Amino acid sequence: MSFAQQLKSAGKGHFFWDNYCFFAKQMIITDLSLAKSILTQGQLVAIPTETVYGLAANAFDAKAVAKIYQVKNRPQFNPLIIHSNSLERFANWGIHLPESALLLAKAFSPGPITFVVPSSAYIPDLVTAGQATVAIRIPNHPVALALLSQLDFPLAAPSANLSGTVSPTTAQDVNAQLGQHIGAVLEGGSCQVGLESTIVSFVSDEPKILRLGGLSVESISAVLNQNMDLSDLINNENPQAPGMLSRHYAPKTPLYVDAAENHLNEANYSEMAFIGFSQKHPEIIGSNQIILSENGDYAEAAQNLFAAIRKADALQMKLIIAELLPEENLGLAINDRLKRAAVK
Ligand code: TXA
Ligand code: MG
């Protein structure tokens, strides 16, 4: 039996999956149904696109998305681009493009352009980094399009490289760096564009270019018949998403990342909310406490983080105490986010 057949016959069981992982590490595959099985089980597959290879997870599965951050060793939760094969499918998931974006999509999608538009309830916080907007893209690559058309979910995918290193443009590049840590690399040859997509935001009145990339500003201007606003550019040297600035994120209730004991002059314990990693605070009222992961699981903690901050805020206490996590694994990105949300 081939690995693909084993995996399919395994259904949701773990025995064959474990064997698959054991024997097939560093595996470059061409079988789309195998890629689909791995993704459906919440594992990661590196996929080819025309720009660069992406490290893909089921965008509706927050725990799978958390693995992207773990494997890339990303110190921050940057929002991720979600990929599918048609605008109709995005519309079915509640994501709609305004008129000017539709003009660009008609001219350049599938292609190296990403649209930032209002998000929908289907999209987990870990994909949008808690923002009300989502970035969508239809990649122009036959293998990616064939895979996406077989999935009943979009794929969240940043470039398939360790944080801070160069984006990969061949399956071998990806395999050399990440093969040990992901389900598979789907073979799609060398990327034709070799540069990440151009990102255009449609959330304010005028479209804005957020990242220069594989589609030129001139070609976008020509279709929209207007000059493009480049005042909010992010780039690879400074990959800070605009939404990561603390002013977009801070809860209304003052949030602190040091010990509750330091704040007894501002509030007593019954006036505090607490966000903890795996254990409750001994003094703060139980119903005012939100635990990110009782098992101390980083992926689960990441999955619950943004909702926890909103929930703590909704308690309308005098202040929120958030416990910083160990500085390892997703603890780094979670702490980054908590520090941004904290009172300076
Ligand atoms: O060509 C590409 O775009 C590749 C392939 C794999 O599709 N993907 C890629 O993803 O370059 P990544 O994660 O390396 O870059 C995504 C960029 C980040 O700079 C992020 O801040 C921005 O997109 N972004 C994502 N969602 C956003 C949002 N809702 N608002 C503003 N910026 C967003
Ligand atoms: Mg990247």
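In the protein chain, 64% of the contacts with a separation of 6 or more join residues 24 or more positions apart, a contact meaning heavy atoms within 4.5 Å. The model is predicted, so local features need pLDDT of at least 70 and side-chain atom pairs count only at pLDDT 80 or more, while totals for chains, interfaces and linings use all residues. Residues are numbered from 1 along each chain as its sequence is written, chains are lettered from A and ligands numbered from 1 in the order in which they are written, and side-chain values use heavy atoms, with hydrogens and water left out.

The secondary structure consists of 12 helices and 14 strands; helices (H or I, at least four residues) and strands (E, at least two) are DSSP runs, numbered from the N terminus. Of the 344 residues in the protein chain, 53% are buried, where buried means under 20% relative accessible area, exposed over 50% and partly exposed in between (1.4 Å probe, protein chains only). The accessible surface of the chain is about 15,200 Å², and carbon and sulfur atoms hold 51% of that area. Accessible areas come from the Shrake-Rupley method with a 1.4 Å probe, and for residues only the protein chains shown count as cover.

Ligand 1 has 25 residues around it, of which T51, H83, T133, S197 and R211 come nearest; a residue is near a molecule if one of its heavy atoms lies within 4 Å of it. The distance to an N or O atom is 2.6 Å for S197, 3.0 Å for R137 and 3.2 Å for R74. Taken alone, ligand 1 exposes 690 Å², and the protein buries 96% of that area. Two or more residues of the shell come from each of β4 (81-83), β6 (133-137) and β10 (208-211), with the largest share, 4 residues, from β6. By class, the shell has 14 nonpolar, 7 polar and 4 charged residues. Here Ala, Val, Leu, Ile, Met, Phe, Trp, Tyr, Cys and Pro count as nonpolar, Asp, Glu, Lys and Arg as charged, and the others, Gly among them, as polar.

Helix α4 (residues 62-72) is largely enclosed by the rest of the structure, because 8 of its 11 residues are buried. Among these buried residues are V65, I68, Y69 and K72. Their cover includes β3 (54-58), α7 (125-128), β7 (155-156), α9 (171-178) and α11.

Most residues other than glycine have a negative phi, and most peptide bonds are trans. Just after α4, N73 has a positive phi of about 60°; this residue lies in the loop between α4 and β4 and is partly exposed, at 46% relative accessibility. A129, in the loop between α7 and β6, also has a positive phi, near 55°, but is buried, with a relative accessible area of 0%. A cis peptide bond, with omega about -5°, joins S109 and P110, and P110 is in the loop between α6 (99-108) and β5 (113-118).

The structure contains 7 aromatic pairs. Rings of Phe, Tyr and Trp (its six-membered ring) pair if their centres lie within 6.5 Å; planes under 30 degrees apart count as stacked, over 60 as edge-to-face and the rest as tilted. F277 and Y298 form a stacked pair, 5.3 Å centre to centre with 25° between the planes. F277 is in the loop between β12 (272-276) and β13 (289-291), and Y298 is in helix α11 (residues 298-314), 21 residues apart. Both F277 and Y298 are buried.

Key:
Polar contact = N/O pair within 3.5 Å; in protein donor to acceptor, adjacent residues only side chain to side chain.
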